[in-house]
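Dear colleague,

Please find below the sequence and structure that I am handing over to you. My notes on the findings follow directly after them.

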Amino acid sequence: MYTQTAIPSREQVERTLPDAGRRVKGPYAVFECWQEIPCDPCHQACNRGAVKAFNDINHLPAVDHEQCNGCARCVSRCPGLAVFAIDETYSDGEALIKLPYEYVPLPSAGQEVQALDRSGQPVGKGRVVKVQQDKESKTPVVWLAVGKKLVHEVRNIGVGGQG
Amino acid sequence: MRQTELAVIGGGPAGLAAALAAAEAGVRVTIVEQDDRLGGQLVKQTHKFFGSEKQSAGRRGIVIAAEQARAAATNKNIDVMLEAAALGYYDDGVLTVEQGDRFIKLKAGSYLFATGASEKMLAFPNNDLPGVYGAGAVQTLMNVHGVKPADTVVMVGAGNIGLIVSYQLMQAGVKVAAIVEAAPTIGGYLVHAAKVRRAGVPIFTGHTVKEAHGTDVVSGVTIAALDQTGATLAGTEKMITCDCICLAVGLSPLAELLWHAGCRMVHIPELGGHVAWRNENLETSVPGIFIAGDVAGIEEASSAMVEGRLAGLAAAAYLGHGSQFDSLKAELVAELGALRSGPAGAKIRQGLAALAGM
């Protein structure tokens with residue numbers, strides 16, 4: 001159970017994804033935010049109005065995936081490090097995951113790293129495409145290319161050292 | 001004897017917010033801080049804060065601490081006393097302070113206690129071995145002094161402090177072998193828990209520490225599952241090798257000076273134990289004595305900062321600088337209400353409801 005293990009169920013993850021039609025149109029953000037806590041910086045972070053204003057600061061984010069372009073500003077701004085941006089159309093064989101990563105050493109573009117799932121287990125390899133810096137939040141966002149099958153599994157990387 | 005209008009005891013998030021709000025209202029403020037810098041626990045909080053923009057959400061505690069400390073240090077209405085420990089509060093309304101080798105008597109027109117909280121201990125065999133730390137000490141070593149506290153840690157407590165300190169330990173290159181939590185579910189924010197879980201840290205809910213191992217220092221820990229009655233279940237023991245057992249098992253309000261001052265004290269478990277009774281302006285039963293932050297009830301730093309502003313403005317009004325108090329108060333009460341209105345605020349709401357009935 002998520003409240004005991006902090007690992008979401010498959011069903012929980014799928015509920016968070018936009019519909020299949022939207023997913024093949026291009027990059028989108030996934031909010032793995034399943035508990036009501038007082039927090040709203042994702043709304044402030046979004047330039048496109050895709051994260052609706054909060055009527056109650058405790059509500060879960062309401063996302064309009066038609067407005068979202070997967071830019072990953074919210075990925076670096078979320079205090080809970082709970083947002084990821086996904087591009088299932090990245091290439092024929094690969095999908096792109098933009099994930100928040102606050103460990104050192106940071107990987108560099110081109111580096112092959114371990115692709116870890118939500119329990120920290122290695123499930124394959126990934127290739128770092130880019131490390132995006134955000135001056136305000138100081139949370140780097142790693143762009144990771146993985147096999148398409150792994151795109152909803154991989155949520156962390158092992159660079160050597162932790163992970 | 002030193003004189004000031006408002007003495008703020010404790011220069012953490014609540015005290016700093018209080019001092020700045022009162023100073024802005026025109027009050028002469030003296031902050032009495034026992035540490036060698038302002039900021040309290042904020043100086044160790046390298047993670048981004050929750051809340052809304054008004055409470056600096058998305059920004060890191062260390063950044064907020066630096067800004068608030070600078071604002072206090074450059075405010076001409078604020079005097080800051082560092083490495084100054086408040087020792088006692090006397091019947092004639094005098095606060096005694098030890099600073100270096102000096103004993104100072106401070107007389108203020110109003111007092112605001114923002115003394116925070118202390119960590120709870122956990123009873124288990126060998127808990128006096130070197131290597132058994134409080135989470136606050138681990139954070140101080142790592143994030144204030146740049147000292148790696150251990151190689152492998154077992155964290156006890158999956159509240160926000162246990163989860164955040166686990167994350168910070170991993171960022172410092174320390175292995176976190178496990179997080180052990182006696183409650184049946186994770187108490188802290190699940191996004192924090194998910195963050196450490198995807199870095200490979202197992203979380204054992206419904207488990208406790210059975211005993212620590214080691215002769216001179218900690219060399220490991222045995223944990224065990226708990227049954228419905230809270231007793232350990234035979235056959236569920238797991239031995240984990242580690243050189244540090246880090247305790248994050250809760251906080252108690254540091255309310256001794258409020259007992260000294262004769263404030264009416266009430267015991268409310270949801271607020272962390274004994275707290276001073278107070279009204280909506282955070283004024284205790286002793287007129288002119290205000291409280292804010294963890295000493296008033298264990299809560300998040302974002303609420304502590306809002307409480308600090310409210311109590312600071314209320315103290316300013318008490319001292320005759322309250323022309324705008326009513327409108328500002330309404331705004332701050334609404335902010336606190338919003339922060340506490342969700343499921344995560346249930347405990348504090350229960351505690352405050354109990355307090356209101358006393």
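**Sheets**

In chain B of this predicted model, strands E12, E13 and E14 form an open antiparallel sheet of 3 strands in the order E12-E13-E14. Helices (H or I, at least four residues) and strands (E, at least two) are DSSP runs numbered from the N terminus, and two strands pair if DSSP finds at least two bridges between them. E12 and strand E14 (238-241) of chain B are the edges, each with a single partner strand, so one side of each has no neighbour in the sheet. On average, neighbouring strands of this sheet are turned by 30 degrees against each other, direction ignored. For such angles, axes are lines fitted to C-alpha atoms, for helices over the stretch in contact, and angles run from 0 to 180 degrees between N-to-C directions. The antiparallel pairing of E12(B) with E13(B) extends over 6 bridges, and Glu211(B) lies opposite Thr222(B) in E13(B).

Chain A contains an open sheet of 7 strands with antiparallel pairing, in the order E1-E2-E3-E6-E5-E4-E7. Its edge strands are E1 (28-31) and E7 (156-158) of chain A, each of which pairs on one side only. From one strand to the next the twist averages 40 degrees. E1(A) runs antiparallel to strand E2 (residues 83-87) of chain A, to which 4 bridges join it; Val30(A) has Phe84(A) as its bridge partner in E2(A).

Conventions used throughout: residues are numbered from 1 along each chain as its sequence is written, while chains are lettered from A and ligands numbered from 1 in the order in which they are written. Because the model is predicted, local features need pLDDT of at least 70 and side-chain atom pairs count only at pLDDT 80 or more, whereas totals for chains, interfaces and linings use all residues.

Chain B is divided into domain 1 (2-118 + 251-356) and domain 2 (121-247), with bounds that come from an automatic or database domain assignment. Taken over C-alpha atoms, the centres of the two domains are separated by 30 Å. In the contact between them, 4 residues of domain 1 meet 7 residues of domain 2, two residues being in contact if their C-beta atoms, placed from the backbone, lie within 7 Å.

The contact between the chains takes 37 residues from chain A and 33 residues from chain B. On the side of chain B that touches chain A, helix H4 (160-171), helix H5 (190-197), strand E11 (203-205) and helix H8 (325-340) of chain B each supply at least two residues. H5(B) gives the largest share, 7 residues.

**Helix H1 of chain B**

Helix H1 (residues 13-24) of chain B has 12 residues, which at 1.5 Å a residue should span 16 Å; the end C-alpha atoms are 17 Å apart, in agreement. The expected span is 1.5 Å times one less than the number of residues. Of the 12 residues of H1(B), 11 are buried, so the helix is largely enclosed by the rest of the structure. A residue is buried if 20 or more other C-beta atoms lie within 10 Å of its own, exposed if 12 or fewer, and partly exposed in between, with C-beta atoms placed from the backbone. Among the elements covering the buried residues of H1(B) are helix H2 (61-73), strand E6 (102-113) and helix H7 (301-318) of chain B. Gly26(B), which follows H1(B), has a positive phi near 105 degrees.

**Individual residues**

Most residues other than glycine have a negative phi, and most peptide bonds are trans. The following residues are therefore listed separately.

- Ser56(B), in the loop between E2 and H2 of chain B, has a positive phi near 65 degrees and counts as buried, with 21 C-beta neighbours inside 10 Å.
- Leu282(B) has a positive phi of about 65 degrees; this residue is buried, with 26 other C-beta atoms within 10 Å.
- Val104(A) and Pro105(A) are joined by a cis peptide bond with omega about -5 degrees, and Pro105(A) is in the loop between strand E3 (94-100) and strand E4 (112-116) of chain A.

Yours sincerely
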